[in-house]
Every structure is written in structure tokens, then in C-alpha cells.
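Work through the exercises below with the sequence and the 3D structure at hand. Each task is followed by a solution in steps.

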Amino acid sequence: MSSKFKNFGLIGLGMLAGVVGSMQFDALAQKNAGAPLPVDELRQLADVFGLIKSDYVENVEDRKLLTEAISGMVASLDPHSAYLDKKAFKELREGTQGKFVGLGIEVGMEDGYVKVISPIEDSPAYKAGLKAGDLITRLDSTPVKGMTLDEAVKRMRGEPNTKITLTVARKEEDKPVLITIVRQEIRVQSVKSKLIEPGYAWVRVSQFQEPTVEDMAKKIGALYAQDPNIKGLVLDLRNDPGGVLPGAIGVSAAFLPKDVAIVSTNGQLPDSKATFYARREFYGTRSLSDPLAKLPEAVKNVKMVVLVNSGSASASEIVAGALQDYKRATIMGSQTFGKGSVQTIRQLSADTAVKLTTARYYTPNGRSIQARGIVPDLMVDETPEGDGLNSLRLREADLTKHLSNDKDKEAEVRNKVDELEEEQRLAALDKKRKPLEFGGKDDFQLAQALNHLKGLPVQVAKARVVESKKEPSINDPEDPKKNDGKK
């Protein structure tokens with residue numbers, strides 16, 4: 001696609017969106033200690049190092065050359081493996097705790113510019129008026145064209161209370177817009193909740209952090225205190241890029257029976273072959289008590305819908321996959337991102353590390369999500385008119401050097417369309433539409449989720465209407481009742 005998002009990230013969060021699995025800080029020396037070294041190739045690397053030192057136009061520091069060599073070696077593996085220098089490692093650790101210093105925007109790369117996917121609610125970028133769809137063309141006086149996304153992200157980060165001026169190209173503006181933003185420490189509230197109407201609750205997890213399980217348990221407890229007779233609950237995971245594995249296990253465990261398997265992993269190392277269960281030892285926080293212990297018993301049986309879209313990734317897909325496999329909830333929305341790999345943090349020094357893909361993960365029924373994603377039980381578009389730009393959003397299978405799906409090597413995530421023409425059409429429609437507020441009164445997918453919980457007809461995606469006449473369900477072909485109420 002000519003202008004498809006080529007990459008994505010979170011300003012301030014950086015690598016966090018790609019860290020789905022364990023946060024293990026192991027000594028490197030104990031890994032593959034007996035593996036033979038490729039002497040000839042290492043000698044060639046040393047020769048190149050020597051040539052640069054002797055022949056390059058100007059002197060280059062040894063540390064810079066070696067650091068860049070490590071970074072390039074790790075980055076060549078897959079889109080989610082990375083070398084973490086001191087700054088990136090610090091930001092990663094802060095991000096898992098739900099705080100970071102930055103602007104507060106989710107970004108992608110489009111036609112060489114930084115594209116704003118969405119500003120984080122109540123962040124400096126949000127308050128300064130940055131909008132989804134804005135193209136950032138300059139950072140202070142430096143053109144973005146020619147930078148990698150990582151380079152642009154690093155320039156937008158900085159110390160608290162420092163300013164940066166963004167030059168923004170906006171569709172509805174004839175001239176570039178200058179927006180000055182003051183960097184701040186941002187604390188992301190990962191869980192929101194409310195009673196939509198008597199008997200029906202909405203719980204949104206925007207990303208999986210260390211406090212997520214405890215925060216969600218408190219929010220659900222408050223909902224049941226407000227209305228003890230909740231008949232239906234919507235768990236909203238749309239645009240949730242993932243986070244830490246214990247958060248995904250805990251959120252799943254809140255709605256499933258104790259001790260059931262939530263997710264399993266498999267890789268080369270013995271410690272990468274594991275199964276994670278709905279037990280406190282797998283999702284427990286720093287407190288000694290079980291954060292789920294005081295949840296109302298009714299939460300285990302309340303009728304549920306899980307909302308997902310192409311921005312739902314990694315930890316979100318673990319939760320959706322587990323609840324789908326146990327038939328605990330109806331998964332609704334559009335096909336998810338397809339990030340089914342585990343990244344483990346291997347510490348190299350006191351302040352540097354490598355984020356390395358060490359395993360694939362699998363749903364309780366053994367499905368691999370990698371490069372495929374979770375296919376909803378009910379495909380529902382973002383709006384009554386269609387799925388909008390969400391249908392063209394980047395997915396795992398679009399990433400260069402993405403890890404394959406070992407269960408289905410020929411898995412095709414989605415059909416290609418006449419990309420440029422379709423994107424222009426959708427962009428024109430999107431320009432006329434107000435930004436979608438998840439959980440708001442104009443949230444079409446949430447309205448369809450409520451209809452399903454109430455047993456009312458659901459307006460499924462237009463592309464699925466014909467298919468629904470041919471097959472009962474993409475995930476459970478033997479259960480014709482799953483299509484009751486569709487139209």
C-alpha cells in the first residue's frame with residue numbers, strides 16, 4: 001500500500017506496545033554458554049570495524065560502532081526484537097508501571113512522515129489539540145522526512161517541562177499548523193468503567209500494565225456496588241496494544257474458573273515452554289493479597305461481549321482468545337492485529353538490555369495467533385457505513401520480517417483491495433466524521449454489543465452478511481445458534 005502505516009509506536013511508551021510476554025532479567029552468561037562461535041564471521045566483523053576506524057572520513061567512537069552493530073543484529077530478527085540502550089530500557093520499565101515522560105501520542109509512519117494514530121486521553125498532545133490523522137512534518141526546525149520512526153520518537157521524547165514545536169499537516173487546513181507541546185510525565189489510567197444503562201456495564205482496558213488487574217477488580221467491584229443486578233458486561237479491548245503478560249492472565253482469570261489454562265508458550269529454551277493458569281501466582285501484583293479475591297461471584301457468569309479491532313494486539317489477543325476458546329464471551333468487532341510472540345528482556349548491564357523474541361504463544365485450544373489474530377464471532381464494523389480506516393490499518397502480517405504462524409504457514413490475514421482508491425474513499429468519509437470516543441453515545445460497536453447482550457438483532461459487517469448464510473460461525477461451525485439475531 002502506497003501510504004499504509006509502515007510502523008507504529010507510542011511516544012513515551014516506546015517498546016512497551018511490543019512487550020507481551022515475561023519481564024525476565026536474566027544473566028546473559030548462562031544462556032547458550034557452550035554454543036560454538038562462528039570464528040570466520042566474527043573475524044570479518046572485526047575487519048570491518050578496523051576499516052571504519054582507519055579509513056572512514058572522520059573518527060567514530062568505539063562504543064557507537066559496537067552499540068550500532070548490536071542494535072542492527074537484533075533488529076534484523078523480527079519487528080519486535082530490539083537492543084535497549086540506557087534511555088530505552090528506563091522508559092520500558094517506567095511504561096510497564098503506567099507512567100512515562102513524553103507527549104502522549106500513538107504514532108505510525110506514512111509516506112515518510114509521522115502520522116498521529118491517536119492522542120492519549122488527557123495527555124499534553126491531547127490538550128494541545130493534536131488530532132488523529134495529523135501528519136507531523138517537522139520537529140522544531142528539523143524535517144521528519146528521511147528519519148526512521150524510532151529516530152522521530154527519540155526526538156519527541158525528552159525531559160519533563162521541556163518544549164517541542166511540531167509542524168503539522170492537517171487535511172482540513174490549507175497551511176501547516178504549528179503546535180507547541182510541553183513534555184510531561186504521563187500516568188496512563190489503563191482501566192475505565194461505567195454503567196451504560198441499568199443492568200449493563202462497560203469496562204475498558206486501554207493497555208496492560210502492572211496495576212491493571214488490581215485497577216480492574218476495583219472498577220468491577222464499584223460497578224456491582226452501584227448495580228448488584230448487572231445482566232451484561234462489555235469488555236472493551238479496542239486499540240489496546242498489549243503490555244505485560246500477568247495483566248492479560250489476571251484479566252482473563254477474573255471471568256474464568258480458577259486454575260484453567262489461559263495461555264501457553266513454546267520456544268527453543270526449556271523455560272519458554274510453559275502454560276500459564278488462572279492462579280494468583282501467574283497474575284499476582286506486589287501486594288500479598290489476591291486482587292481478584294473480592295470480586296462478586298456474579299462476574300464469573302455474567303453475559304459478556306469482548307470488543308476488539310485491528311488495533312487490539314498481544315495481551316489483548318491473549319484475553320480475547322482465552323474467553324473465546326472457553327465460550328465465556330462473544331468476541332465482536334474486526335480481526336485483531338496478530339501479535340502472537342513473546343518478548344523477554346535479557347539484561348546486558350546495569351542499564352542496557354536486549355528485548356528478544358523467545359516464543360510464540362497459544363490460546364487454551366492450541367491456536368497460534370501470530371500473524372493471524374483473533375477472528376471475532378460477530379464481525380461488526382466501526383460505524384454503520386463500514387469499518388473506515390480501521391480496515392486499512394497495519395497488522396502483524398504486514399510487518400517486514402514478521403514471525404510466521406507455525407500452525408498455519410499459509411495463513412492469509414485479510415484480502416487486499418484496490419488500496420490507493422479505497423484509502424482515498426475511506427479518508428474522505430473519515431474526514432467528515434467526528435473522532436470516535438470509545439464508550440460514548442455515538443459508539444456504534446458498543447451499541448451492537450448491547451443489542452447482543454439483550455438478545456436483539458446485531459448489525460454485522462456488510463462483508464459478512466452473505467457468508468453468514470453459508471456457515472454458522474467461523475470459530476464454531478457446529479453451533480448454528482451462534483448466528484441467531486444476525487441480519
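**Exercise 1. Strands around β6**

Strand β6 is joined by four bridges to strand β8 (residues 163-169), and the two run antiparallel. The model is a predicted one, in which local features need pLDDT of at least 70 and side-chain atom pairs count only at pLDDT 80 or more, while totals for chains, interfaces and linings use all residues. Residues are numbered from 1 along each chain as its sequence is written, and side-chain values use heavy atoms, with hydrogens and water left out.

Task: Find which residue of β8 is the bridge partner of L135, then trace the pairing of β6 with β5 and β7.

Solution. 
Step 1. Two strands pair if DSSP finds at least two bridges between them.
Step 2. In β8, L135 has A169 as its bridge partner.
Step 3. Strand β5 (residues 113-119) is joined to β6 (residues 135-139) by two bridges, and the pair runs antiparallel. Here L135 in β6 is the bridge partner of K115.
Step 4. Two bridges also join β6 to β7 (residues 142-143), again antiparallel, and R138 has P143 in β7 as its bridge partner.
Step 5. The hairpin of β6 and β7 has two residues between the strands, and D140 takes a positive phi near 55 degrees there.

**Exercise 2. Two helices in contact**

Task: State at what angle α6 and α7 pack, and which residues meet.

Solution. 
Step 1. The angle is about 30 degrees, and the axes are 8 Å apart.
Step 2. Angles under 35 degrees count as roughly parallel, over 145 as roughly antiparallel, 65 to 115 as roughly perpendicular and the rest as oblique. The helices α6 and α7 are therefore roughly parallel to each other.
Step 3. Contact means heavy atoms within 4.5 Å. T212, V213, M216 and I220 in α6 meet residues of α7 including G250, V251 and F255.

**Exercise 3. The nonpolar cores**

Task: Say how many residues the largest nonpolar core has, and which helix gives the most to this core.

Solution. 
Step 1. Buried means under 20% relative accessible area, exposed over 50% and partly exposed in between (1.4 Å probe, protein chains only). A nonpolar core is a set of buried Ala, Val, Leu, Ile, Met, Phe, Trp, Tyr and Cys residues joined through side-chain atoms within 4.5 Å.
Step 2. The largest core has 50 residues, and L235, F255, I262, M304, V306 and L323 have the most contacts inside it.
Step 3. Helix α7 (residues 245-255) gives the most to this core, with seven residues.
Step 4. A second, separate core has 22 residues, among them V116, A125, I136 and V144.

**Exercise 4. An enclosed helix**

Task: Explain why helix α9 (residues 315-325) is described as largely enclosed by the rest of the structure.

Solution. 
Step 1. Eleven of its eleven residues are buried, so α9 is largely enclosed.
Step 2. The cover of these buried residues includes β13, α7, β14 (261-266) and β19 (353-362).
Step 3. Check both ends. S314 lies in the loop between β16 and α9, is buried with a relative accessible area of 0%, and has a positive phi of about 55 degrees although it is not a glycine. Just after α9, K327 takes a positive phi of about 55 degrees.

Technical notes:
Axes fitted to C-alpha atoms, helices over the stretch in contact; angles between N-to-C directions.
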